[in-house]
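Take a look at the fold below.

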Amino acid sequence: MKKLMIIAALSVAAVFVSCGPKPLVPAEKGGFETGKYRNVFVEAGYSPKEVDAKLNEVFEEVFFGPDKVYFEVEDSLAYVSDIKNNDVRTEGMSYGMMVAVQFDRQDIFDKLFRWCKKYMQHQDGPMEGYFAWSCKTDGTRNAQGPASDGELYYVTALLFASNLWGDDGAFDYKAEAQHILDCAFAKDGSQGVKNFINTEHKLITFTPDNWGYTYTDPSYHIPAFYEVWAKYADDGRADFWNECAAASREYLHKAIHPETGLNPDQSNYDGTIRVLFNGRHFGSGNFRYDSWRVPMNIAMDYSWSCADKEWQREYGKKIQNFFYGQGIDTFVDQYCVDGSLPEENEILPAGGWTRVLRHSVGLVSTVAAASLLCDHEISREFIDRLWNSKNEPYEDGYFDAYYDGLLRLFAFMHLSGNYRVITPEN
């Protein structure tokens, strides 16, 4: 009898295990090769119908809801606004274009790019081809110079638009992308304007001028974007772009702390923290707002390319383990790269608010996106936290519909398999 009871118990346990959640298994090959992208939400137990509805809900919230950041003007133009700073940035405009092409919304894409062409892009002079990084919502420029991550996203989004919609409509998308790249390589620094890629290091600059050309921002590094350019830009620089992809991956190995997985806000090209003066970095060597994007960017590179999968998988576990150890519901949004909390005077305030550390939904989102890299069980908890997240005012009244909102949307796109390399075959 005792033997039969043990057998019965083992049978019940076997049934329970077989019916339980399947392990999360990172892909072995990237989307460039397979054309396939994981729906991690479904793997984690959500139904395909639920996932589609949630993704569309988040998209609608960012673009058309009461707290939207997308605004249509002048019949055929539109802009994405950083509401808390009351401006329009190349970061947000190029993000908006990337979202539009991923959602097959040519109407949104063309309206955004038309605004960029009219108000942001330099049509002549030393900065020809580049985009002024910040404008007022009426198009008046707050600054003339570009920020290199804007150009990075513009080129990639335009090439995807060319592959998806062709070049016979309102814009010749591929020609627009080529124009940006050709203009960048025509700049020799003689008038204080340089290539947005440091051609010696083959790494993206912070800004393409004499000052920003000497260092970089880890969150600007998305190696797979260069592979997109190598395949589809047709600008005669394919070998160079593949070299940039390899250099960017090598750089990230150096810029990321080997124990915590955290990265500085800014760094030198060798990955070391950039010292401003008197041996101090004044917070630019800490993990803070820009830095949040790095886990998601590395997950994107893995999902698309899988060219650095062993290191990236270890990174995914490391970064999630760090934040889990800080408290999955309480970790804050700024740290020193060794995992300690920054001094109060090194906490970067957002949008003119006080120096406060928050449990920010933008960081919750990007750490969850790193689940594409992971097979450990705590990834499920990060996925659930993203699924149940809301972008709403914090306890102190601070609210960021723009940055938190867009990072949250990107994370839902990644984990639902809807952030893809768009090829002509699509």
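Asn-263 is in contact (heavy atoms within 4.5 Å) with Pro-218, Ala-255, Ile-256, Asn-286, Phe-287, Ser-291, Val-294 and Val-337, leaving aside its neighbours within four places in sequence. Its place is the loop between helix 10 and helix 11. Helices (H or I, at least four residues) and strands (E, at least two) are DSSP runs, numbered from the N terminus. Asn-263 counts as buried because its relative accessibility is 0%. Buried means under 20% relative accessible area, exposed over 50%, and partly exposed in between, with a 1.4 Å probe and protein chains only.

The model is predicted: local features need pLDDT of at least 70, side-chain atom pairs count only at pLDDT 80 or more, and totals for chains, interfaces and linings use all residues. Residues are numbered from 1 along each chain as its sequence is written, and side-chain values use heavy atoms, with hydrogens and water left out.

Now take Asp-104. This residue lies in the loop between helix 5 and helix 6 (106-120). Asp-104 counts as partly exposed, because its relative accessibility is 48%. Leaving aside neighbours within four places in sequence, Asp-104 is in contact with Leu-164 and Trp-165. From Asp-104 to Thr-216 is 112 residues in sequence and 32 Å in space, C-alpha to C-alpha.

Go back to helix 10. Its 18 residues, 238-255, should span 26 Å at 1.5 Å a residue, and the end C-alpha atoms are 26 Å apart, so the two agree. The expected span is 1.5 Å times one less than the number of residues. Among the buried residues of helix 10 are Phe-240, Trp-241, Cys-244, Ser-248, Tyr-251 and Ala-255. An α-helix has 3.6 residues a turn, so residues three or four places apart point the same way. The buried residues of helix 10 pack against helix 8 (173-185), strand 5 (197-198), strand 6 (203-204), helix 9 (223-232), helix 11 (293-304) and helix 12 (309-325).

Next, the open spaces. On a 1 Å grid over the protein atoms alone, a cavity is a set of points where a 1.4 Å probe fits but cannot get out; a pocket is an open set with protein on both sides within 12 Å along at least five of seven lines; lining residues have an atom within 4 Å of a point. Grid points are joined across faces, edges and corners, and a volume is the space filled by probe spheres set on the points.

The largest pocket holds about 770 Å³. It is lined by 36 residues, and Arg-89, Glu-91, Trp-133, Tyr-289 and Asp-290 are the closest to its centre. Helix 5 (90-102) and helix 15 (403-415) each supply at least two residues of that lining. The second largest pocket has about 370 Å³. Of its 17 lining residues, His-359, Ser-360, Val-361, Tyr-394 and Glu-395 are the closest to its centre.

Which cavities are there? The whole structure has two of 30 Å³ or more.

Finally, the whole. The protein has 15 helices and six strands. Buried residues make up 57% of its 426 residues. The C-alpha trace spans about 90 × 55 × 45 Å along its principal axes.
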